[in-house]
Amino acid sequence: MFGILRGNCIYQKMKIIFYLCLVLPRLALAESNNPSVHYEVKVGDDLQSLEVSICFDHKLPPALFANDGSSTFVSNVRFNTGKVLEFELDRVNIPAAETGRCIFYDVLLIPRYRGEQRGGAETRLIDGREMLTSIGDWLLRPSSKTDYAEFDINFILPNGVYVSAPWSRLDKARFIGVNTAIEWEGIVAFSSQVPDTVDVNGSIFEVSILGEFQRATAADMSHWVRQSAEGVSALMGFFPRTKVQVIISPSDRTKTIVPWAYITRGGGAGIHLFVKRDANLEQLLWDFSLPHEMSHFMFPHIDSGDYWIIEGLPTYLQHLSMVKSGAITAQESWSRLYRGFASGKHTGRGYTVAESMRRLARRGTYLRVYWGGAAYFFQRDVDLRVQSQGAVTLLDVLLKYHECCYDEFRSISGDKLLSDLDVLFETDLFVRRKLVEIEIEEFPDFKATFEALGIQFLGAKPVFDEGAANGIAAQIMNPVGFDR
Ligand SMILES: [Zn+2]
């Protein structure tokens, strides 16, 4: 098909073909840099009231969507002509005959402020003055499956307020956003603290702090982000995303350093971490949460609910990246892996990893799912390295996948990811062993994997055999890090 069109361009020299072949691609390119949907968001001094306008250069979409809870926040949806539109649960339908080009609406955020956040993105007031918002609560958007692929958004902010968003930043308050699926969560935050930018070999991490911390300074937080990102970047030689929004907010009711963290993919990569208010830098670097969350971006969004893959892969990779960043030693990393696998094996006994996943809400089963998945990927990594005498690793597989197939704005199923990994290395290892280790046997046999590497444990302390297998173990927990 490509050849025929090219032939036509060169030999027939017909005006119309020339237009189709040469002019059209340029127009398409220009258009992708000039979104046809324009938002303006005026933020009130209380950070709770927003006045939003959306203008379309071309035809209006048939509907605008948000979360199903958004009708409590959004009101007075109307055209520039003054005509009012009805809000129905999670959408506003737009009459086909409508000729207006702009829609206006008001938002009054009702933020949570009690208790501690334990789910995904939500609208919450931090320390009584800074505002975290879930985009789905207030940003009405056309369906991502329509022609409205990109938008620009301009915030009009009160003095001394900074905005953090997952989209590409143009300046202090303007962004260009990709219109990802409505159900993909994203965060917009309004803070009185200037965001910091951390550049790790071209990948930009924008760090926004909400609320007050007692020991860790803003510079400590940026140090933590940089060192964690360098560790993860050392896995494939680069960080898998070019732009990452990082939000850090305080937590009081906890003994753990990072009691809760999650990622978002709506509009781009986002990481939100809750940090114990009196944590110091040393404790932050010792904690696994940030390298874990960052490792989620090593593979695309998985829509099949395969939490053993979604959580298992980062749970394994966080150990490799923390050794590479210098946060922990190889010994400490082996010992954490061993203790983690043992905890997964001993909680929720009597159920396979796949069965535990279906009972995920129950106490303890998540440990079996996370660590069962981690043990599966650990075994695949060892299989690949042993078979190839260290020439091929799980990281090579992920790198190859990244080059051929990674699309940050698309979802795939867990099974498709595994079969793609098999195709890349002409093997059936990933799919075949999933059946055995995740669906048939109770738990992956991690003790056999450690044995194959020549590692025994005295308590949780690794003891290394003399022998050739040691080379593979040393290669896995290799402290040679990222080239700065
Ligand atoms: Zn995770």
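Helices, as named in these legends, are DSSP runs of H or I with at least four residues, numbered from the N terminus.

**View 1. Overall form of the predicted chain.** The model shown here is predicted, and its chain contains 15 helices and 23 strands. Its C-alpha atoms fill a box of roughly 80 × 70 × 45 Å along the principal axes. For 484 residues, a compact globule would have a radius of gyration near 23 Å, and the 25 Å of this chain agrees with that expectation. Buried residues account for 41% of the 484 residues. Of the contacts between residues at least 6 apart in sequence, 69% join residues at least 24 apart.

**View 2. The domains, and the contact between domain 2 and domain 3.** The chain is divided into domain 1 (2-32), domain 2 (37-286) and domain 3 (299-476). The C-alpha centres of domain 2 and domain 3 are 32 Å apart, and their contact takes 15 residues from domain 2 together with 14 residues from domain 3. On the side of domain 2 that touches domain 3, the elements giving two or more residues are helix 3 (218-236) and helix 4 (281-286). Helix 3 provides the largest share of that side, namely eight residues.

**View 3. Helix 8 and the elements packed against it.** Helix 8 has 17 residues and reaches 24 Å from its first C-alpha to its last, close to the 24 Å expected at 1.5 Å a residue. Its buried residues are S333, W334, L337, Y338, G340, F341, G344 and K345. Seen down the axis of helix 8, these buried residues fall within an arc of 165 degrees, so they line one face of the helix. Packed against the buried residues of helix 8 are helix 7 (312-324), helix 10, helix 14 (446-452), strand 22 (455-458) and strand 23 (461-464). Just after helix 8, G348 takes a positive phi of about 65 degrees.

**View 4. Q331 in helix 8.** Q331 is found in helix 8, which covers residues 330-346. Q331 has 13 other C-beta atoms within 10 Å, and because a residue counts as buried at 20 or more and as exposed at 12 or fewer, Q331 is classed as partly exposed. Although Q331 and K461 are 130 residues apart in sequence, their C-alpha atoms lie 7.6 Å apart in space.

**View 5. The two sides of helix 13.** The 12 residues of helix 13 (residues 429-440) should span 16 Å at 1.5 Å a residue, and the end C-alpha atoms are 16 Å apart, which agrees. The buried residues of helix 13 are F430, K434, E437 and I438. Among the elements covering the buried residues of helix 13 are helix 6 (307-310), helix 9 (353-358), helix 10 (365-387) and helix 12 (414-424).

View 6. Three strands, in the order 3-6-5, form an open sheet with antiparallel pairing. Strand 3 (63-65) and strand 5 (87-88) are the edge strands, each of which pairs on one side only. Strand 3 and strand 6 (residues 91-93) run antiparallel and are joined by three bridges, and L64 stands opposite V92 in strand 6.

How values were computed: Residues numbered from 1 in each chain as written. Predicted model: local features only at pLDDT ≥ 70, side-chain atom pairs only at ≥ 80, totals over all residues. Rg over C-alpha atoms; globule rule 2.2 N^0.38 Å. Contact = placed C-beta atoms within 7 Å. Expected span 1.5 Å × (residues − 1). Pairing = 2+ DSSP bridges. Domains from an automatic or database assignment. Arc of directions from axis to C-beta.
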